[in-house]
Amino acid sequence: MGTRLVGLGKALPKLEIENDALQALVDTNDEWIFQRTGIRSRHVAVSESTLELACDAAALALGSAASASDGESAWCEEPIDPASIDLVICATLSADTLIPSAAASIKRVLGLENAVAFDLNAACSGFIYGLSVADSMLAASCALPEGAAKQTMRRALVVGVDRLSRILDWQDRSTCVLFGDGAGAAVVEWDAEAPGIIATCLKTIDDTKNTLTCASIFASNTPFDEQGKLLGDAEDPSYATLCESLEVEPELMKSTVHMAGQSVFRFASRALCSGIEAVLEQSGLTIDDIALIVPHQANERIIRYAAKRLDLDMDRFLVSLAHTGNTSAASVPIALAEAYASGKIKKGDKIIAVAFGAGLTYGALLFEA
Ligand code: UT7
């Protein structure tokens, strides 16, 4: 018995920006971007909101919307009754609104009348964290004795969505070429017969060198000084206090993504290997039992590095970032939706999904499709 994936969907904004188009913004070129990352293009949400992308992906995962003509955006065992969704978790760091949460809005728009909904931020690892939290909640609920006075949950919608184009510094060539917008969603349900999710590993490592940061909108503009006097137009002292308590240099407290690329690269390639090794060890399975590894799609070179370290051929890994770039929390569910829809993942296959991101976070899941 376990939590099993029964539907997947992805949604990308209409506008696709090729590498060459970025030359008008920063000193870069297609050759550098493709060789260093494997990325050819990314989608940028101009008219689409985070909520729209999330709902499009979720409707596909629920089987309540027709898949796009490429046939690679959705897979669903059978259409799911919206009223049967008990839980919505939305993994994002770029929701349109702080309140209501993106998950609460998804619930409202899609008419998931019985669901409880909340957001979760674990950056690019968010979908893995979200699926793991959903798995724990379904498992705990399904272990309850008959008649227990606790809320029961059988089916969940987990969405990974990010629209980082809104928080990128488009003058910073070391970050703006890497990311794209998008959403991916999965419906999971408790299955008394099938194993579903077999092993999970979540880790958070202290980012002591502030390698991946973006300030929140709370970084400044408190109207009082520390004695409670109104400040007027004077500089906000809480900003300096905040930087001090977070141990972050003020110049890193910009509300755009800052990344120390090489440090993150080193962390990411180690995290991929550690996540894979951890779920294999927990499950008692070996890498030969695994049909496909679906890693976070940040940089093809990170995946190559992990493959080399684990002594695996690259064809054991799904690489699908060429036309999406790094879509943050959406990256793993987009890759999973494509792999299920195209038949790369078949029923009974054992799969590892693994991701890493700011925090520093990483996580992996081993499941049977
Ligand atoms: O999901 C969140 C997790 N994020 C990641 O996983 C990203 C991890 N890091 C990376 O993927 C890589 O470190 C990058 C793709 C960000 C950078 O690749 P790199 O091979 O580590 O390049 P680098 O930072 O060592 O830079 C090499 C050179 C530098 O020039 P100099 O100092 O050698 O003259 C950079 O200024 O490349 C330059 N450079 C660029 N050149 C053209 C940096 N960005 C660009 C660019 N176009 N876009």
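Student: Which residues in α2 meet which in α3?
Tutor: In α2, Leu 51, Ala 54, Cys 55, Ala 58, Ala 59 and Leu 62 meet Ala 102, Ser 105, Ile 106, Arg 108, Val 109 and Leu 110 of α3. Contact here means heavy atoms within 4.5 Å. This is a predicted model: local features need pLDDT of at least 70, side-chain atom pairs count only at pLDDT 80 or more, and totals for chains, interfaces and linings use all residues. Residues are numbered from 1 along each chain as its sequence is written, and side-chain values use heavy atoms, with hydrogens and water left out.

Student: What classes make up that contact?
Tutor: The contact of α2 with α3 has 10 nonpolar, 1 polar and 1 charged residues. Ala, Val, Leu, Ile, Met, Phe, Trp, Tyr, Cys and Pro count as nonpolar, Asp, Glu, Lys and Arg as charged, and the others, Gly among them, as polar.

Student: New topic. Which residues touch the most other members of the largest nonpolar core?
Tutor: Leu 5, Leu 131, Val 294, Leu 336, Tyr 340, Ile 345 and Phe 367, out of 37 residues. A nonpolar core is a set of buried Ala, Val, Leu, Ile, Met, Phe, Trp, Tyr and Cys residues joined through side-chain atoms within 4.5 Å. Buried means under 20% relative accessible area, exposed over 50%, partly exposed in between (1.4 Å probe, protein chains only).

Student: What lies apart from it?
Tutor: Another core, of 28 residues, including Cys 201 and Leu 360.

Student: And where is Ser 274?
Tutor: Ser 274 sits in helix α7, residues 261-283. Helices are DSSP runs (H or I, at least four residues), numbered from the N terminus. Ser 274 is partly exposed, at 27% relative accessible area.

Student: How far is Ser 274 from Tyr 362?
Tutor: They are 88 residues apart in sequence and 9.0 Å apart in space, C-alpha to C-alpha.

Definitions and conventions. Helix = DSSP H or I, 4+ residues; strand = E, 2+ residues; numbered from the N terminus.
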